[in-house]
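Work through the exercises below with the sequence and the model side by side. Each task is followed by a solution in steps.

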Amino acid sequence: MVVRMRVEVKYGGRSVETAALANSGYEAEIPELHLPLALARRLGIPLHALSRRELQGCWGFDSHLRAGGMPVRVVAEDRSSEWVKARAVTVPGEHEVLLSDKLLDALGIEIARAGLGYWRFGGEGLVHLRRSVEAQFWVE
C-alpha cells in the first residue's frame, strides 16, 4: 500500500481538489508538486509558457516542464494544512499528482505506517492516524 491524501491546488482563480501520492522518494531542493498535464490544463495553466528542463536520474536523462509556483494544501475530513507555495512540474506520461519530500515537510505531513497507508499531521498522536484515499489519475 502507499500513502495518498486529498490536496487542493490553486492557480489563478481556479482550484482543484484531488488525490496525491506522498512520495518521500521524490527528492527536491524545495517544496515541489508534480501535476499531470491533464490537471495543469484543468487549472488553466498556459502550457505554451512552461519551461523545459533536462535532469539526470538513475535511468538516464529525463525531461520535465516547470509551471512555476502555486499554493497547495492537504485537506482531511476534520482539518486542513496551511497553504504552502510549491514549485509545480510535470513529466509527460505521469498521470498522478505527486508530493515531494520537501513539500511533505512543508505541509507538516508525517507518514506513520507506509505499508498500511496511514499518515497524520505533525504533532498528532496515534489516535489521529488517517487512511489513504483512493488513487486519482489525470488522463486526457
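Two strands count as paired if DSSP finds at least two bridges between them. The structure is a predicted model.

**Exercise 1. Strand pairing at the end of the chain**

Task: State the order of the strands in the open sheet of three, and find the bridge partner of Tyr118 in S10.

Solution. 
Step 1. The three strands of this open sheet run in the order S8-S9-S10, with antiparallel pairing. Strand S8 (109-113) and strand S10 (130-131) have a single partner strand each and stand at the edges, so one side of each lacks a neighbour in the sheet.
Step 2. Strand S9 covers residues 118-121. The antiparallel pairing of S9 with S10 rests on two bridges, and two is the number that the cut-off of at least two bridges requires.
Step 3. Tyr118 has Arg131 as its bridge partner in S10.

**Exercise 2. Rings and charges**

Task: Which residues form the aromatic pair, and which charged ends sit over the rings of Phe121 and Trp119?

Solution. 
Step 1. Searching the whole structure gives one aromatic pair. Its members are Trp119 and Phe121, with 5.2 Å from centre to centre and 75 degrees between the planes.
Step 2. Planes over 60 degrees apart count as edge-to-face, and the pair of Trp119 and Phe121 is therefore edge-to-face at 75 degrees.
Step 3. Are the two residues buried or exposed? Buried means under 20% relative accessible area. Trp119 has 3% and is buried; Phe121 has 1% and is buried.
Step 4. Over the ring of Phe121 sits the charged end of Arg79, 4.2 Å from the ring centre. Over the ring of Trp119 sits the charged end of Arg130, at 5.5 Å from the centre.

**Exercise 3. The second largest pocket**

Task: Describe the lining of the second largest pocket by residue, by strand and by residue class.

Solution. 
Step 1. The second largest pocket holds about 180 Å³ of space.
Step 2. Its lining consists of Arg4, Met5, Arg6, Val75, Ala76, Glu77, Asp78, Trp119, Arg130, Arg131 and Val133.
Step 3. At least two lining residues come from each of strand S1 (4-11) and S10. S1 gives the most, with three residues.
Step 4. By class, the lining has five nonpolar residues, no polar ones and six charged ones.

**Exercise 4. Strand S2 and its partners**

Task: Which strands pair with S2, and in which sense?

Solution. 
Step 1. S1 pairs with strand S2 (residues 14-22) in the antiparallel sense, over eight bridges. Tyr11 is opposite Arg14 of S2.
Step 2. The hairpin of S1 and S2 has two residues between the strands, and Gly12 adopts a positive phi near 60 degrees there.
Step 3. S2 also pairs with strand S7 (residues 97-99), here in the parallel sense and over three bridges. Leu21 has Leu98 as its bridge partner in S7.
Step 4. Ala20 lies in S2 and counts as buried at 0% relative accessibility. Ala20 and Val97 are 77 residues apart in sequence, with their C-alpha atoms 4.7 Å apart in space.
Step 5. Ser15 also belongs to S2. Ser15 is partly exposed because its relative accessible area is 41%, a value between the limits of 20% and 50%. From Ser15 to Pro71 the separation is 56 residues in sequence and 9.5 Å between C-alpha atoms.

**Exercise 5. Strand S6 and the whole chain**

Task: How many residues of S6 are buried, and what pattern does the chain follow?

Solution. 
Step 1. Strand S6 (residues 84-90) is mostly covered, with six of its seven residues buried. For the chain of 140 residues, 41% count as buried.
Step 2. Strand S3 (residues 32-34) pairs with S6 in the parallel sense over three bridges. Glu32 stands opposite Arg87 of S6.
Step 3. The chain contains two helices and ten strands. Along the sequence they follow the pattern β-β-β-α-β-β-β-β-α-β-β-β.

Conventions
Residues are numbered from 1 along each chain as its sequence is written. This is a predicted model: local features need pLDDT of at least 70, side-chain atom pairs count only at pLDDT 80 or more; totals for chains, interfaces and linings use all residues. Side-chain values use heavy atoms; hydrogens and water are left out. Rings of Phe, Tyr and Trp (its six-membered ring) pair if their centres lie within 6.5 Å; planes under 30 degrees apart count as stacked, over 60 as edge-to-face and the rest as tilted. Buried means under 20% relative accessible area, exposed over 50%, partly exposed in between (1.4 Å probe, protein chains only). A charge sits over a ring if NZ of Lys or CZ of Arg is within 6 Å of the ring centre and within 35 degrees of the ring normal. Helices (H or I, at least four residues) and strands (E, at least two) are DSSP runs, numbered from the N terminus. On a 1 Å grid over the protein atoms alone, a cavity is a set of points where a 1.4 Å probe fits but cannot get out, and a pocket is an open set with protein on both sides within 12 Å along at least five of seven lines; lining residues have an atom within 4 Å of a point. Grid points are joined across faces, edges and corners, and a volume is the space filled by probe spheres set on the points. Ala, Val, Leu, Ile, Met, Phe, Trp, Tyr, Cys and Pro count as nonpolar, Asp, Glu, Lys and Arg as charged, and the others, Gly among them, as polar.
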